[in-house]
Amino acid sequence: MKNQTNKSDFSEKKNNLKNIDKNQPKRRSFMKQCLAATAGVVAASTGAMATPRLISPSFEEVVKSGIKITDLKCAIMGGSAVIRIVTDAGIDGFGQAESYKPYLKPYVLFYKDYILGEDPTDVARILLKIRRMGSFKPWGAAVSAIEFALWDLAGKAAGVPVYKLLGGKIRDHVRCYNGAIRVQRNGTEPKDYIEWGQNFRKLEQGFTIVKQAVGFHGHYDSSVPNFTYNNTTPSASPKGRGRRGPLTEQGLNVIVERVAAMKEGLGDGIGLALDCGPGMLLSDAIRLANVLEPFNLMWCEDMLTGDYTPYVMADDYVELTRSTTTPIHTGEQLYLRENCRELIEKHAVRILGPDPADVGGIAELKWIAEYADLHSIQIAPHGIFNGLIGLAAQVQVGAAMPENYIAFEYPAPTQKWWYEIIEGLPDPIVKGGLVAVSDNPGLGVEFIVEEAKQYLAEEDKNFFD
Ligand SMILES: [Mg+2]
């Protein structure tokens with residue numbers, strides 16, 4: 001391996017970039033090209049001290065002649081909005097929003113006029129233009145997915161993985177927690193929860209943290225008779241979710257009984273987190289968090305606000321957090337660092353959980369994590385429905401997170417065929433509860449275009465062209 005690159009090499013690779021046929025499924029060949037460029041950088045960095053610093057050919061191309069965005073596309077694949085940003089350099093970047101949100105497509109395309117002609121490697125400048133028009137979940141998803149695609153492009157242009165552009169790697173393996181891969185439970189008696197915990201320990205992924213719904217989350221409330229004194233009011237969502245109100249003593253006791261059984265099954269080798277709402281009133285949240293203290297939970301999430309509430313009640317969270325040793329967590333609905341400021345500065349929670357696909361992207365999440373670390377607040381990002389591109393993004397930013405990082409929420413894709421159309425992830429993806437950090441350029445994953453095309457709707461059939 002040579003440790004110096006001469007000018008003719010640069011010119012040759014520059015021409016190769018320009019000559020890529022846009023009608024060909026070119027991502028695999030480009031991946032190889034980027035890897036070759038990266039190898040040049042690595043060779044230089046490991047060479048003798050006198051070796052001059054080398055810049056990869058593609059990066060020189062970007063700096064000298066610029067690179068321009070020529071198109072922003074959005075296709076709905078399996079119910080998930082997938083974003084493709086196309087450039088005049090023959091490279092493209094991909095992002096993905098949460099599944100089950102096909103309605104996001106026009107919100108993604110709304111930003112097209114704002115980013116055409118921009119240099120995608122100036123991620124921050126483009127975000128300045130578009131971030132001001134997003135909002136709390138789900139209306140920050142379009143901006144966030146575009147941000148993923150911009151970083152993907154920036155990494156590919158420089159021939160480096162995105163974590164290098166986010167400040168570099170802290171860790172080689174990123175921990176994830178499981179809320180997506182379900183283990184069968186045969187009933188709602190304590191013995192069923194014990195058995196569930198025992199079976200969870202056998203999962204081949206070796207997850208070290210699991211999150212379960214209680215309280216008003218995931219129809220849990222409707223599974224318990226007399227759970228709340230407010231069960232006669234209509235729910236806030238057409239799917240029967242979104243209730244809030246005072247819990248009965250029976251309701252509180254059922255949660256405690258089931259948590260005790262889950263912990264008995266899981267043992268102390270697997271941390272248990274609870275997704276609790278939102279919807280609890282402050283007094284109930286304080287009572288529940290206190291009575292759960294003996295179980296050493298990882299956290300109680302979204303007890304008061306969260307999910308889709310477009311606000312945070314920071315002062316109420318302050319009172320809750322100071323009332324208990326159970327770590328209090330919220331944040332999946334947050335958009336932008338500015339909306340995290342009050343929670344962080346008031347120490348309103350012990351753990352923040354913004355979702356990079358909703359908060360404004362991976363650099364936004366990194367910024368929030370650093371600021372949280374300065375306030376002794378930990379980070380456990382949400383991400384259950386973010387798909388395989390979202391998974392790749394979590395791993396890249398997770399690698400660069402400060403030491404207050406716990407784990408991100410593992411997103412199992414909504415359809416198995418996603419594993420057949422995306423390449424670049426480790427095999428198996430999760431081992432011992434960890435995902436190995438990719439050194440591929442960009443986010444580290446690519447579509448296998450010929451396989452992926454079959455899942456495009458008629459109106460999106462030109463997505464990869
Ligand atoms: Mg949640």
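Modeller: Let us start with proline 428, which sits in the loop between strand S12 (422-423) and S13. Please keep in mind throughout that this is a predicted model.

Colleague: OK, and is the peptide bond from aspartate 427 to proline 428 cis or trans?

Modeller: The bond from aspartate 427 into proline 428 is cis, and its omega is near 0°. As background, most peptide bonds are trans. A cis peptide bond also joins lysine 137 and proline 138, where omega is about 5°, and proline 138 lies in the loop between helix H6 (123-130) and helix H7 (141-158).

Colleague: Back to S13 then. Which strands form the open sheet, and in what order?

Modeller: The open sheet has three strands in the order S11-S4-S13, with mixed pairing. Strand S11 (408-409) and strand S13 (434-436) are the edge strands, each of them pairing on one side only. Strand S4 (residues 173-177) and S13 run antiparallel and are joined by three bridges, and within this pairing arginine 175 has leucine 434 in S13 as its bridge partner.

Colleague: Which helix lies across S4, S11 and S13?

Modeller: That is H16, which runs at about 125° to S4 as it lies across S4, S11 and S13. H16 covers residues 387-399 and also packs against helix H15 (residues 362-373), at an angle of about 35° and with the two axes 10 Å apart. The crossing in which H15 passes H16 is right-handed.

Colleague: Which residues meet there, in H15 and in H16?

Modeller: From H15 the residues are Ile362, Leu365 and Lys366, and they meet Ala393, Gln396 and Val397 in H16. Sorted by class, this contact of H15 with H16 has four nonpolar residues, one polar and one charged.

Colleague: And H15 itself, which of its residues are buried?

Modeller: The buried residues in H15 are Ile362, Ala363, Glu364, Leu365, Lys366, Ile368, Ala369 and Ala372, so Ile362, Leu365 and Lys366, which meet H16, are buried according to the cut-off of 20 or more other C-beta atoms within 10 Å. As for its length, H15 has twelve residues and reaches 16 Å from its first C-alpha to its last, which is close to the 16 Å expected at 1.5 Å a residue.

Colleague: Let me switch to another helix pair. How do H9 and H10 pack?

Modeller: Helix H9 (residues 190-200) and helix H10 (residues 249-266) pack at an angle of about 35°, and their axes are 7 Å apart. Their crossing is right-handed. Among the residues of H9 in this contact are Tyr193, Trp196 and Phe200, while those of H10 include Arg258, Ala261 and Met262. Taken by class, the contact of H9 with H10 has eight nonpolar, three polar and four charged residues.

Colleague: Now a hairpin, please. How many bridges join S2 to S3?

Modeller: Five bridges join strand S2 (residues 80-87) to S3, and the two strands run antiparallel. Valine 86 stands opposite aspartate 92 in S3. Four residues lie between the strands of this hairpin, and glycine 90 takes a positive phi near 80° there.

Colleague: Are the residues of S3 buried or exposed?

Modeller: Strand S3 (residues 92-96) is mostly covered, as five of its five residues are buried. Asp92, Phe94 and Gln96 are on one side and Gly93 and Gly95 on the other, and both faces are covered.

Colleague: Which residue other than glycine has a positive phi near 50°?

Modeller: That residue is asparagine 296, found in the loop between helix H11 (282-291) and strand S7 (299-301). Aspartate 307 also has a positive phi, near 55°, and its place is in the loop between S7 and helix H12 (314-322). In general, most residues other than glycine have a negative phi.

Colleague: Why does aspartate 307 count as buried?

Modeller: Aspartate 307 counts as buried because it has 20 C-beta neighbours inside 10 Å, and the cut-off for buried is 20 or more. Asparagine 296 has 13 such neighbours inside 10 Å and therefore counts as partly exposed.

Key:
Residues are numbered from 1 along each chain as its sequence is written. This is a predicted model: local features need pLDDT of at least 70, side-chain atom pairs count only at pLDDT 80 or more; totals for chains, interfaces and linings use all residues. Axes are lines fitted to C-alpha atoms, for helices over the stretch in contact, and angles run from 0 to 180 degrees between N-to-C directions. A crossing is left-handed if the near helix is turned anticlockwise from the far one by less than a right angle, and right-handed if clockwise. Two residues are in contact if their C-beta atoms, placed from the backbone, lie within 7 Å. Ala, Val, Leu, Ile, Met, Phe, Trp, Tyr, Cys and Pro count as nonpolar, Asp, Glu, Lys and Arg as charged, and the others, Gly among them, as polar. A residue is buried if 20 or more other C-beta atoms lie within 10 Å of its own, exposed if 12 or fewer, and partly exposed in between; C-beta atoms are placed from the backbone. Two strands pair if DSSP finds at least two bridges between them. The expected span of a helix is 1.5 Å times one less than its number of residues.
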